Amino acid sequence: MDGSKAVLCLVLISLHTTNVQCTKGTSLSLTGFGFEVIVAKLEYLQDKLLETEQKLSKAIKQQNRTIERQLAALQAQSHRTLSLQTAWAQQGKLWNDIQALSSKEDIERFKLGTGLDLASISSRSCKAAGQEQSGKFLIQPTEHDEPFLGYCVQQSNFGGGWLVIQHRNTKRMNFNRNWSEYRNGFGRVDGEFWFGLEHLHRLTSARQYELLIELEDASGNSVHARYSSFEIGSEVEQYSLKKLGNYTGTADDLMSSHVGKKFTTKDRNNGTTRDGDCEGGWWMDPCRSTNINGPRKSRSSLLRFALMYNGAFSISGLLFTKLMIREV
């Protein structure tokens with residue numbers, strides 16, 4: 001029996017029809033109503049099979065499109081991940097390269113070596129940098145300024161976004177410098193240093209800043225003085241202390257009496273004292289007033305200051321000083 005006849009026999013048997021005879025021979029007898037039923041059933045099954053094939057084909061096509069979309073999305077995500085990893089690696093290298101800078105000459109070599117536009121990797125302030133890690137940053141107060149190197153404190157008891165403008169400890173750096181050195185800055189931004197009056201003027205005249213002074217003595221006592229605003233004038237104005245806001249803190253008010261005073265150094269007397277009487281640059285008049293850049297004690301590495309605090313703080317033996325400003 002050929003295949004079609006065998007299928008037909010099976011269909012007939014399943015339908016319990018009569019007048020059908022299947023033999024091992026070549027004949028198949030179908031008569032009357034039974035034949036019509038079989039043909040109709042076969043046509044129905046054929047239509048169902050075709051419908052099933054169409055549905056299956058449609059489902060396969062939809063599944064293929066879904067797989068293609070998912071594959072494309074996966075490839076795009078992989079590309080983004082790779083790009084992000086590359087960017088992070090480049091940013092990590094860039095961060096390490098900037099941490100190695102210490103001078104204007106270093107910055108110029110870095111610019112030539114990388115071919116980067118320094119403005120594209122600079123921030124207008126430590127606060128605007130938006131980083132959580134403390135370290136060296138390139139600062140550009142306005143688009144008209146050349147970027148310069150600064151040290152940003154992004155985590156402290158007073159929050160982040162602070163730019164260090166002065167730091168002294170027991171390493172004995174000489175702060176009895178001349179006018180040009182105080183104007184341009186000296187030392188290393190991640191060590192003992194003075195930021196530079198010209199940079200301070202450009203920063204504080206471009207935007208509003210606050211000032212924080214931190215002091216610590218040899219006994220481990222720490223105090224601070226904080227001012228809600230801070231601005232100094234230009235060199236033509238002798239970098240005078242133009243603005244100082246409201247005071248808060250645990251130290252006495254160190255700076256309010258200096259508002260309006262011009263900056264004085266050993267070779268530029270803008271106070272009422274004789275030339276050479278004052279050591280270290282400061283807004284001082286006379287030099288017996290607050291001078292955080294003043295001389296050290298003669299027999300130790302501690303700093304000596306003409307300051308007055310409320311009792312417990314040893315003003316004659318400061319171990320640590322730090323001045324910081326933050327964009328308001």
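A salt bridge, as I use the term today, is a side-chain nitrogen of Lys or Arg within 4 Å of a carboxyl oxygen of Asp or Glu. With that in hand, the first thing to point out is that Lys48, Glu51 and Lys55 are linked in a network of salt bridges, and that the structure as a whole holds 16 salt bridges.

Before going on, a word about the source. This is a predicted model, in which local features need pLDDT of at least 70 and side-chain atom pairs count only at pLDDT 80 or more, while totals for chains, interfaces and linings use all residues. Residues are numbered from 1 along each chain as its sequence is written, and side-chain values use heavy atoms, with hydrogens and water left out.

Let me stay with the charged pairs. Arg207 and Glu327 meet through their side chains in a salt bridge, at 3.8 Å from N to O. Arg207 sits in the loop between α6 (197–206) and β8 (209–217), whereas Glu327 belongs to strand β13 (residues 318–327), so this pair ties together parts that are 120 residues apart in sequence. Helices here are DSSP runs of H or I with at least four residues, and strands are runs of E with at least two, numbered from the N terminus. How exposed or buried are the two partners? Glu327 is buried at a relative accessible area of 7%, while Arg207, at 25%, counts as partly exposed; buried means under 20% relative accessible area, exposed means over 50%, and partly exposed lies in between, with a 1.4 Å probe and protein chains only.

Two other pairs deserve a mention. In the salt bridge of Arg188 with Asp190, the closest N and O atoms are 3.4 Å apart; Arg188 is partly exposed at 43% relative accessibility, and Asp190 is partly exposed at 40%. Glu237 and Lys242 form a salt bridge with 3.6 Å between the closest N and O atoms, and here Glu237 is partly exposed at 33% and Lys242 is partly exposed at 42%.

Now to a charged residue without such a partner. Arg168, in strand β5 (residues 162–168), is buried yet has no salt bridge, and the nearest side chain of opposite charge, Glu192, is 4.9 Å away. Which backbone oxygens does the side chain of Arg168 reach? The side chain of Arg168 comes to 2.6 Å from the backbone oxygen of Gly294 and to 3.4 Å from the backbone oxygen of Asn293.

In the model, the chain over residues 42–77 is 100% helix and 0% strand, with the end C-alpha atoms 51 Å apart. Leu45, which lies in helix α2 (residues 32–99), is partly exposed at 40% relative accessible area.

Finally, Asp106 is found in helix α3 (residues 104–114) and is buried at 16% relative accessibility. Asp106 and Leu149 are 43 residues apart in sequence, and their C-alpha atoms are 10.0 Å apart in space.

Terms used:
Lys, Arg positive; Asp, Glu negative; His and termini not counted. Polar contact = N/O pair within 3.5 Å; in protein donor to acceptor, adjacent residues only side chain to side chain.
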